[in-house]
Amino acid sequence: MRKRILFLILPLFLFQLTSAALDLELTHGVDSAIPIAVVPFADRTNPLATMVSNIISADLKNSGQFNVLPSYQINTYPSTPADVHREDWNNLNSLVMGSVKPISNDRYQINFSLVDLYKKAGPDSVLLSQSIEVTQSSLRRGAHQIADMIFKKLTGIPGCFNTKIAYVLVKRRPMQPSRYFLMVADADGYRPQVLVSSSDPMMSPAWSPDGRHIAYVSFENRRAAIYILDVFSGSRHLVSQQTGINGAPAFTKDGKQLALVLSQGDNTKIALLDLASLQQTPLTDGRSIDTEPSFSLDGKTMLFTSDRSGTPEIYSFDLSTKAIQKLSNTGDYNARGQLTADMNHLVMLDRSHGQFNIAVQDLQNGDVDLLTDDGNAQSPSVSPNGMMVIYSTRQNKQGLLGLVSIDGRAKLILPDNEGSVQDPAWGP
Amino acid sequence: MNERTLRYRRSALYFSGGLHLSIILMLTLSFNIKTASTLPAATTSLVSIQAVSVNQHSVQQEISKIKHEQEVKKQTEMNHQKALKRSADQAKQERAQEQKQLALLKVEAAKLQAQKKQIEVDAKNRLADIKKQQALAQNQLASFKRQQEALAAKPKMPPTPNAPTINHDAEKDLLQKINDEQQHLASINQQMLQSELEKYKSLILNAIGRQWNMPANVNKNLSAQFQINLDANGNVLSIQLLKSSSDAVLDRSVQLAIQKASPLPIPSSPDLLSSFKELRLTVRPEGLMGGAA
């Protein structure tokens with residue numbers, strides 16, 4: 001009996017936890033810019049090579065998605081993955097490197113590689129490695145294409161660096177009439193070209209989905225008229241010249257129709273113009289000012305600005321059911337609404353306490369964030385991948401273009417031209 | 001000769017010397033005057049004619065050249081100033097941005113520190129409670145043991161008809177109590193180990209989550225599963241993708257986070273260490289840390 005009792009008083013720490021795999025669930029992370037470095041391209045004495053790596057660096061930085069190491073902190077210069085020593089690069093996720101080699105009189109070969117610094121050296125760590133051939137005049141374009149490839153690889157989202165912007169340039173001279181120019185430039189503001197010049201105002205350029213045409217409003221006949229310009233040939237034709245207002249053109253996503261704003265008594269209404277037959281179909285009605293149409297990427301929804309509730313707000317118009325829904329509700333004025341490519345965010349111009357700023361509204365939870373804070377913003381236009389916004393602002397009485405990333409992290413004012421710029425439109 | 005002759009001869013000498021000198025002087029002076037008035041005049045008039053015509057033309061040229069150079073200089077200087085100002089403004093903007101970001105990061109870091117402290121404080125408190133319970137249970141068991149020994153040490157009574165039954169019941173009762181206490185103690189230990197386990201699981205998730213840069217516009221309904229093997233110091237030995245989320249960028253972002261978080265925080269006590277050799281991590285990109293969705 002004693003033995004049994006004593007036997008029962010056993011060591012108590014007998015319980016071991018059996019080791020199968022331990023289960024963990026991760027649901028929350030952080031939202032920060034990806035740390036990356038762009039090594040100046042070989043050979044560094046060639047200004048064309050450093051121009052290419054500078055363009056890639058600036059594109060990635062201005063997108064807001066990347067934290068690019070400043071070039072003065074770089075002191076080793078690998079140009080291929082084999083030259084990379086991981087101990088030289090701390091706290092970076094990836095490395096971009098490459099070279100520019102002249103092939104013949106006017107042709108160059110740009111080689112570049114993207115390396116994952118957290119994978120051990122070897123073929124698995126090289127995420128991208130390619131060559132492209134360009135002429136001297138298309139070197140900038142080649143650099144933007146490379147930036148697009150890197151952006152897509154590391155974020156999964158297509159890049160928007162190899163795109164164009166259209167805008168209106170106004171040159172005002174004392175004692176002289178102003179001159180107006182419809183311009184097209186690279187999305188970073190470089191290589192501007194004049195498409196149309198006029199002594200009468202031009203406004204509201206809008207790109208066709210294939211990037212070959214721009215619709216715009218011109219006052220050259222002392223009244224508003226909408227023209228469609230062929231960007232490559234320079235030819236244009238008149239599509240609307242009704243009495244009163246003809247404004248705010250916007251192409252549908254199939255490029256076959258143009259939404260535009262026409263006056264109806266004291267109000268303005270939005271109509272759809274078939275570009276082949278020039279037949280018009282009214283879209284909105286009622287006693288209100290409806291303007292600034294813009295189409296979603298899937299072509300099913302049209303956004304517009306309307307004061308039907310008393311003050312200008314953004315509404316959505318379902319093109320199949322004709323249902324109209326109010327989308328915006330902050331500040332005392334919302335206009336120029338556009339949907340991002342993923343259709344989850346609404347970018348618009350917001351006025352609060354007299355300050356005009358660009359706002360982004362999350363359509364799923366209703367949160368609204370301001371992207372600018374100088375109070376002078378106008379006419380936002382969203383990039384085709386929904387990650388950046390170009391807008392016009394004023395500094396020292398001069399109109400300038402500003403670029404801001406959709407998360408507000410990266411801001412840039414484009415270099416000034418010889419005049420006042422306004423009405424930017426981001427091409428496809 | 002006499003004095004009068006000498007005096008006469010001296011004065012004649014003087015007179016002749018003076019006359020010669022003055023004649024010579026007159027000749028040289030007249031010669032000079034002649035040259036001064038004629039030759040130089042001729043040269044100046046020749047030179048001046050040429051000089052006037054040549055100088056005027058080239059001077060004009062020079063003036064306009066200098067003016068032009070000055071203009072160009074002024075222009076480059078202005079452009080240079082503009083460019084400087086622009087880059088100064090840019091730098092200022094960037095600096096302001098960096099300051100903002102730094103401030104945000106500091107706030108985040110402080111938040112995380114507070115969270116970590118709270119987890120540790122909670123765990124410590126629980127551990128203290130459990131230890132208290134354990135001590136109590138130990139005491140009770142010790143007293144039961146003593147009781148039981150006292151009972152066993154009692155001299156055996158001559159068996160009376162009813163006595164054995166009573167003794168037997170008391171013994172059974174005591175054995176039952178001992179058994180219960182043992183089980184209670186065992187479960188307390190189990191709890192203690194379990195809470196240590198939970199503490200380290202949260203620390204690991206926190207460490208990986210802080211490094212997990214969620215891809216922009218990621219689909220929140222996706223999920224991936226990874227197997228992570230650790231060594232005795234928490235270093236990540238291998239990461240295996242058990243089930244892909246179907247979004248390669250999302251998969252890669254998690255792998256990167258795990259690598260960056262290595263070595264992971266794991267317990268040092270040998271009882272628990274074995275549980276942390278292999279982790280199975282399920283990932284779902286629901287939102288951002290700190291409560292923001």
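# Briefing on chains A and B

The secondary structure of chain A consists of three helices and 30 strands. The model is a predicted one. Chain B has four helices and three strands. Buried residues account for 50% of the 428 residues of chain A and for 24% of the 293 residues of chain B.

**Chain A overall**

- The C-alpha trace of chain A spans about 110 × 70 × 45 Å along its principal axes.
- Chain A has an accessible surface of about 20300 Å², and carbon and sulfur atoms supply 49% of that surface.
- Of the contacts in chain A between residues at least 6 apart in sequence, 40% link residues at least 24 apart.
- Chain A carries 38 positive and 41 negative side chains, and the centres of these two sets are 2 Å apart.

**Nonpolar cores**

- The largest nonpolar core contains 60 residues.
- The residues with the most contacts inside this core are Ile36(A), Phe41(A), Ile56(A), Leu60(A), Ile110(A) and Ile150(A).
- Helix α3 of chain A, residues 139–155, gives the largest share of this core, with seven residues.
- Apart from this core there is another, of 32 residues, and Leu193(B), Ala207(B), Met214(B) and Val283(B) are among them.
- Ile56(A), one of the residues with the most contacts inside the largest core, is in contact with Val38(A), Phe41(A), Ala143(A), Ile146(A), Ala147(A) and Ile150(A), leaving aside neighbours within four places in sequence.

**Helix α3 of chain A**

- The 17 residues of α3(A) should span 24 Å at 1.5 Å a residue, and the end C-alpha atoms are 24 Å apart, which agrees.
- α3(A) is mostly covered, with 12 of its 17 residues buried.
- Gly156(A) follows α3(A) and has a positive phi, near 80 degrees.

**Chain B overall**

- From the N terminus on, the elements of chain B come in the order α-α-β-β-α-α-β.
- The accessible surface of chain B is about 20700 Å², with 59% of it belonging to carbon and sulfur atoms.
- Among contacts in chain B with a separation of 6 or more, 76% are between residues 24 or more positions apart.

**Helix α3 of chain B**

- Helix α3 of chain B covers residues 248–261, and its 14 residues should span 20 Å at 1.5 Å a residue; the end C-alpha atoms are 20 Å apart, which agrees.
- Because 10 of its 14 residues are buried, α3(B) is largely enclosed by the rest of the structure.
- Those buried residues are Val249(B), Leu250(B), Asp251(B), Arg252(B), Ser253(B), Val254(B), Leu256(B), Ala257(B), Ile258(B) and Ala261(B).

**Asp247(B)**

- Asp247(B) sits in the loop between β2 (236–243) and α3 of chain B.
- Asp247(B) counts as partly exposed because its relative accessibility is 22%, and buried means under 20%.
- Leaving aside neighbours within four places in sequence, Asp247(B) is in contact with Val218(B) and Leu222(B).
- Asp247(B) is 218 residues from Leu29(B) in sequence, and their C-alpha atoms are 115 Å apart in space.

Terms used:
Residues are numbered from 1 along each chain as its sequence is written. Chains are lettered from A and ligands numbered from 1 in the order in which they are written. Side-chain values use heavy atoms; hydrogens and water are left out. A nonpolar core is a set of buried Ala, Val, Leu, Ile, Met, Phe, Trp, Tyr and Cys residues joined through side-chain atoms within 4.5 Å. Buried means under 20% relative accessible area, exposed over 50%, partly exposed in between (1.4 Å probe, protein chains only). Helices (H or I, at least four residues) and strands (E, at least two) are DSSP runs, numbered from the N terminus. Contact means heavy atoms within 4.5 Å. Accessible areas come from the Shrake-Rupley method with a 1.4 Å probe; for residues, only the protein chains shown count as cover. Lys and Arg count as positive and Asp and Glu as negative; His and the chain ends are not counted. The place of a charge is taken as NZ of Lys, CZ of Arg, CG of Asp or CD of Glu. The expected span of a helix is 1.5 Å times one less than its number of residues.
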